[in-house]
Amino acid sequence: MIAFQPDVLTEVTILSLSSSSLVLTRIFQCFDNEFIPGWRPLVSAEESSIQIYKSWNPDSNDKLHTSYTKLQCINQDVNKGDDTRLSVHISLSPSCEKTCQVKIQTVSDEPLSTKDEGDSEPATKKQKKHVSFAGVPEEDNKLQPQQKDIKDIVQKISSAVPPIQSVVVNDISREDLIPAAAVEGKSDTINENNGVYLKAPLGKVLLNYSRQIKKKSDNDEGAKYQKFILTMADGSDPSVATYQNKVQSLAKWFIEAGDDVDLSDETNGLWKVMYLFEQHKDKEDSSNKLSLVGYITLLHVNSPFRKPNPGIIVRVCQALILPPYHKAGHGTQMLNSVYDYAARNNKESSSENICEINVEDPAPAFVRLRDCVDYQRFVSLIAKTDEMPDCSYLNSVVTDKCYFDPVSDEHLLPVAEYLKIRKRQCQKIHDIHKLSEIKIWKDRLDCTLVNDIDGSKKAQYIEEVETNFRLMVKKSLKQLRIEELSAAGGKDEQKALLGKWFDETLSHYRRVLKANDILGKRR
């Protein structure tokens, strides 16, 4: 697990969870099978993981994330004994490009598994009697995986952080654990007065805005507003490429298969990076100080044969918001700004028309974000009666069975072109809108027609409308995932699978609508 604290030094906690608002994080790009052999998280972190995972999956019988399945105790309660446990903290500078500090704490019934002077045998040969793995008898030590050495852990971590400046293990400085490459490049010290902040934003400033920062404790005077700067940087700029090469390694903690991007490689298209920075100002120091909040990498690909209109497709490749800034609307702001950038570009340049914004292999969290943003833009389009395209085809009522017929290309494509999204994404947004209309219709039915319609008749109306919606969504899912459905087996298996997909889709649509209501209240 990884957590951040938005102070002068941003703290990353690996295998320890200190923030309940943090989404589940993958570590398999640094450690095989998403776990560190022979080590478990601290008891407090494991208990937090159980509660958070349960909140995400209330219907699941699993207590912990799948990365725990390598441990035999997965189906047991948290063991509060002397298991070998590990907590790793990584301190980063606010710019996220300078050197970092690694602090490791262990809880064990035996000495730390690193080779110190005076050790009679290599640390990797030491066994921990409380560590056991699924499918391996505890008495068979020869087959039992070896506990990963602390030096190997630091080496693995170094691939996903800026150069390591220092390593402290159980409050003891261990410079011998610093990877050789980090020692050669080590030149910075992390402190407030040694360039840990950026002095100026990278790229062209697109937007300045403020966000209300919640109180950290009851002793705080009150919620404060913090300023943020949104920029667009050209990947061909050497300074941008240098900075991005330093900070993009952090994506390995947050983005599945988040490979590094070579901004200078224009083989597949031109690269740009949208950055978001927080602005800091001291009362005694008037100079500008900026810390990294997040970024989005954008690949511009020329598509001369795209139908109905050719142009440039902008592909969102990586999108990262650091955890201290989650749940504050920054991701929504950045994605909306990508669309605004495309619209502004088309007005300023007649030769470089951006015709579509799409996303490369989006994670579930980003799918929800994109659907929420696209739905908000669709709702705004419907409200703009003076703008094309014409959305009058949406004026039919939910009680008409034809309301749930697939939207024709005649109506779908103009909306998709206007919103700069794909046809399939546009169809999804229409489905979400229809679900919203059903909710509004049901609320009106409860409020205005309760005295005119008896309970059984009203229930029949609702069931008919919901059935039409369900059949519409299932038909769309069947067309979209025909190969998976065909491989499911007989009709009963296919019916069960289609029902499962519908339940997941309906739950997702409802979360999008709920998020849209929350954002509407904020505005």
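1. The structure is a predicted model, in which local features need pLDDT of at least 70, side-chain atom pairs count only at pLDDT 80 or more, and totals for chains, interfaces and linings use all residues. Residues are numbered from 1 along each chain as its sequence is written, and side-chain values use heavy atoms, with hydrogens and water left out.

2. Helices (H or I, at least four residues) and strands (E, at least two) are DSSP runs, numbered from the N terminus. Helix H5 (residues 330–348) packs against helix H6 (residues 364–383) with the axes 10 Å apart and at an angle of about 60 degrees, where axes are lines fitted to C-alpha atoms, for helices over the stretch in contact, and angles run from 0 to 180 degrees between N-to-C directions. H5 and H6 are therefore oblique to each other, given that angles under 35 degrees count as roughly parallel, over 145 as roughly antiparallel, 65 to 115 as roughly perpendicular and the rest as oblique.

3. On the H5 side, Gly 331, Thr 332, Leu 335, Asn 336 and Tyr 339 meet Phe 366, Leu 369, Arg 370, Val 373, Asp 374, Gln 376 and Arg 377 of H6. The residues of this contact divide into 5 nonpolar (Ala, Val, Leu, Ile, Met, Phe, Trp, Tyr, Cys and Pro), 3 charged (Asp, Glu, Lys and Arg) and 4 polar (the others, Gly among them).

4. H6 also crosses helix H7 (residues 409–419), at roughly 115 degrees and with axes that come within 11 Å, which makes H6 roughly perpendicular to H7. Arg 377, Phe 378 and Leu 381 of H6 make the contact with Val 415, Tyr 418 and Leu 419 of H7, and the residues involved divide into 5 nonpolar, no polar and 1 charged.

5. A search of the whole structure finds 6 aromatic pairs, that is, rings of Phe, Tyr and Trp (its six-membered ring) with centres within 6.5 Å, where planes under 30 degrees apart count as stacked, over 60 as edge-to-face and the rest as tilted. One involves Phe 228 and Tyr 325, whose ring centres are 6.2 Å apart and whose planes stand at 90 degrees, so the pair is edge-to-face. Because Phe 228 lies in strand S7 (residues 224–234) and Tyr 325 in the loop between strand S10 (311–321) and H5, the pair ties together parts that are 97 residues apart in sequence.

6. Two backbone details remain. The peptide bond from Lys 307 to Pro 308 is cis, with omega near 5 degrees, and Pro 308 lies in the loop between strand S9 (289–303) and S10. Asp 171, a residue other than glycine, has a positive phi near 70 degrees and is found in the loop between strand S4 (164–169) and strand S5 (172–173).

Definitions and conventions. Contact = heavy atoms within 4.5 Å.
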